[in-house]
Amino acid sequence: MKVVALVSGGKDSCYAMMKSIHYGHQIVALANLLPADDGVDELDSYMYQTVGHQIIVSYAECMGLPLFRKRIRGSTRHQELGYRTTKGDEVEDMFILLREVKKQIPEVTAVSSGAIASDYQRLRVESVCSRLGLVSLAYLWKQDQSLLLQEMIANRILAVTVKVAAMGLDPAKHLGKEIAFLNDYLHKLKELYGINVCGEGGEYETLTLDCPLFINARIVLDDYQVVMHSSDSIAPVGILHPLKFHLEKKVDVQSSTSPDNISETSLQKLGTVFEVEDTLERCEDTCKSLDCSADPIDDLAHKFNISRTNNKRTLSLSCSLQDSCNDLREDLKTVLAKIESLLAGFGFGWENVLYIHLYIDDMNKFSEANETYVKFITQERCPFGVPSRSTVEMPLVVMGFSKAYMEVLVSNNKDKKVLHVQSISSWAPSCIGPYSQATLHDNILHMAGQLGLDPPTMNLCSGGASAELELALKNCEAVAKCFRCSISTSAIMFVVYCSKRVSSSERHDMQEKLETILRQMRISQSKEQNTCKALDPIVLYVLVPDLPKRACVEIKPLLYADDGTEVAAETITESSGSETPSYWGFKQEKWHDSCIQKLVVPGKICAVTLSITSEDVEKICIRSKSADSVNDGQYLHQHKSLMEKSSRFSFYLLDKVMTENGVGWEDITSLRIYIPASLQMLIDILLPMFNKALSELSEASQKKVSNGNEPIFNIVPVIGAGRSASSVSNVVTCELLAQKS
């Protein structure tokens, strides 16, 4: 991509440019914001470093690139972490600056910045990029600061301190010193006082005088003055005010900005400094709200399949069309509008949605689905954070579904913590658009589906399914760490979507890789933290037609981010021995336990997967005296009664597990029933069949189980599913999550 680099003069923005070039991008312009008054060194700003701004003008000549500069007219008006377009805010100065760069150099598609740890700064850069249709590049984001500082020094960034404001840093001694000289001392201060060695806590600021990108000249600081801002005895604050400097030409250096590498437009501007002025439309044009309204849908013109769980705090709501529009875009538009209407009926909006499962019939139309999705779900409509999301291709049409099918997890409050990093970085894959990496609510971390993407390039890794799975797990762990938990110790469940292109033997290797990685991570964490406290997660494998980017595997983790209280968790247990109610004539047998995987955090969470194989169906039918009908391999297609028995058995076992663990049907937040398309049973047969079984259970048990004609489960068509990656041939697979209010 062609990149404009935000430069403050500091080491971080320079190294961010170098990393952008390393990952194949091209820097074609520089952008800088400076104080409105030349006599001012530093502004009271959370966004911009301005100390040393007098020297930044030389960067154009040093690098042989156009430099766009704008004076900061705004101030800090919007002080919340997440930024919303605000009249008079200093962020709007950045918007005007980058808008002008894009106007002058239309081929610019990305912005580089040196953010390392500040969500405040990152979110504002991402907001501006989003409004301008640019991609944010933040290759230093979440990187280890000690390693970063070492890399900067090793890569010949010559930067000197221009501000110090931390315990142990003395303006008289430490201003004007090179970072290479201060490296050991900064690490000593880290051990003593816990400072950030890259200065991310405001401990110090730097000015880059030379680096490999300065192809034409280096800056020589001839004279400066130390200006004290605070003479505090513990942490004095002082800045370096440049008085005199000159450029020292470099010779015999091949230019990386040769005419062959840049456009004619950029070539005409090489080394030029442009002053960007405010425009008349400043307030009216840059600060107007976006119209996010979607076209209304006539509900009466369509019939829907709708399901809803009964949990009063967090419920699952799903919707698909009974009468497809025969176009994925139109189907999804109709489904989104219906869900929006249903949410409004509960007094909710998209801001209440925690997670979205988006199932589409054709992954080749993924971009069309996204274009429709973003018309409904936007940053403006979700001021507390956009939902996390998993997108998977499912065999929808062959089972009577429309081409798009959605399930949303909804909270009755807006008390959630959302991680949404849109910048491309080396940390974890970016989410460029209105979907986030993870959402934490009521101690449960709902993580977006992760692919085996290389974060800095956003390309799928090579090496097949096992390699993709390993990198996907690494990406999951990076996200989990932001919430102070780990996939190795905090995972409740992993749903592993496998593409049908992956062979059975590859899936077997992938499963072994998953188990090995989690075990090794658990051992490592146990040694580091001197503890072995860990949940033993459920793993469910789901075979699907295709995944985004033609990936082999997508992992969807669900984590318990506990509040520090001790929890006891269990996975598979034997029958408690207590009297279990018998429904439909089913009675407890030993083989029933082999159908169940569960993880229970007593009094809080009950997660269950139920697997019914063809062998289990045979046992069910034998107990029901229907053995004569199970010898034909196509028995389910020929005899719906067998699926009816399976549906009843499924709910019998689920009720048994929940009852034994003090969980009721009203506590269910989500219940998915995966049915393989190979059974050739349509949704208009399956939905009433399973709903009837649940109603019968409700009547027999005197429990409030169903919502009348509105199911509390949603049926998801798949190619296959199972607890083993190499054997995904279940007849029925249930995935249940219940949470006590």
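**Working through a strand pair, a loop and a cavity**

Five bridges join strand 11 to strand 12 (residues 314-321), and the two strands run antiparallel. Strands here are DSSP runs of E with at least two residues, helices are runs of H or I with at least four, and both are numbered from the N terminus. Two strands pair if DSSP finds at least two bridges between them.

This is a predicted model, so local features need pLDDT of at least 70 and side-chain atom pairs count only at pLDDT 80 or more, while totals for chains, interfaces and linings use all residues. Residues are numbered from 1 along each chain as its sequence is written, and side-chain values use heavy atoms, leaving out hydrogens and water.

**Exercise 1.** Find out how strand 11 connects to strand 12, and whether its residues are buried or exposed.

*Solution.* 
- Step 1: follow the chain out of strand 11. Five residues make the hairpin that takes you to strand 12.
- Step 2: pick one bridge. Arg308 has Leu317 in strand 12 as its partner.
- Step 3: check the cover. Strand 11 (residues 304-308) has five of its five residues buried, where buried is under 20% relative accessible area, exposed is over 50% and partly exposed is in between (1.4 Å probe, protein chains only).
- Step 4: sort the directions. Phe304, Ile306 and Arg308 point one way, with Asn305 and Ser307 going the other way, and all of them are buried.

**Exercise 2.** Place Cys552 in the fold, then list what it touches.

*Solution.* 
- Step 1: look in the loop between strand 22 (538-544) and strand 23 (553-560); that's where Cys552 lies.
- Step 2: Cys552 counts as buried because its relative accessibility is 13%.
- Step 3: collect the contacts (heavy atoms within 4.5 Å). Setting aside neighbours within four places in sequence, Cys552 meets Gly464, Ala465, Glu468, Tyr497, Cys498, Ser499, Arg501, Val502 and Leu547.

**Exercise 3.** Describe the backbone angle phi at Arg550 and at Gln680.

*Solution.* 
- Step 1: Arg550 sits in the loop between strand 22 and strand 23. Its phi is positive, about 60 degrees, although Arg550 is not a glycine.
- Step 2: Gln680 belongs to the loop between strand 26 and helix 18 (683-701). Phi there is near 55 degrees, again a positive value in a residue other than glycine.
- Step 3: with a relative accessible area of 48%, Gln680 is partly exposed.

**Exercise 4.** Work out how many cavities of 30 Å³ or more there are, and which residues lie nearest the centre of the largest cavity.

*Solution.* 
- Step 1: set the rule. On a 1 Å grid over the protein atoms alone, a cavity is a set of points where a 1.4 Å probe fits but cannot get out, and lining residues have an atom within 4 Å of a point. Points join across faces, edges and corners, and volume is the space filled by probe spheres set on them.
- Step 2: count. There are four cavities of 30 Å³ or more, and the largest holds about 200 Å³.
- Step 3: look at the lining of the largest cavity. Of its 17 residues, His357, His446, Lys556, Leu558 and Arg672 are nearest the centre.
- Step 4: trace the suppliers. Strands that give at least two lining residues include strand 13 (353-360), strand 23 and strand 26 (668-676).
- Step 5: sort by class. The lining has 10 nonpolar, three polar and four charged residues.

Note on methods: On a 1 Å grid over the protein atoms alone, a cavity is a set of points where a 1.4 Å probe fits but cannot get out, and a pocket is an open set with protein on both sides within 12 Å along at least five of seven lines; lining residues have an atom within 4 Å of a point. Ala, Val, Leu, Ile, Met, Phe, Trp, Tyr, Cys and Pro count as nonpolar, Asp, Glu, Lys and Arg as charged, and the others, Gly among them, as polar.
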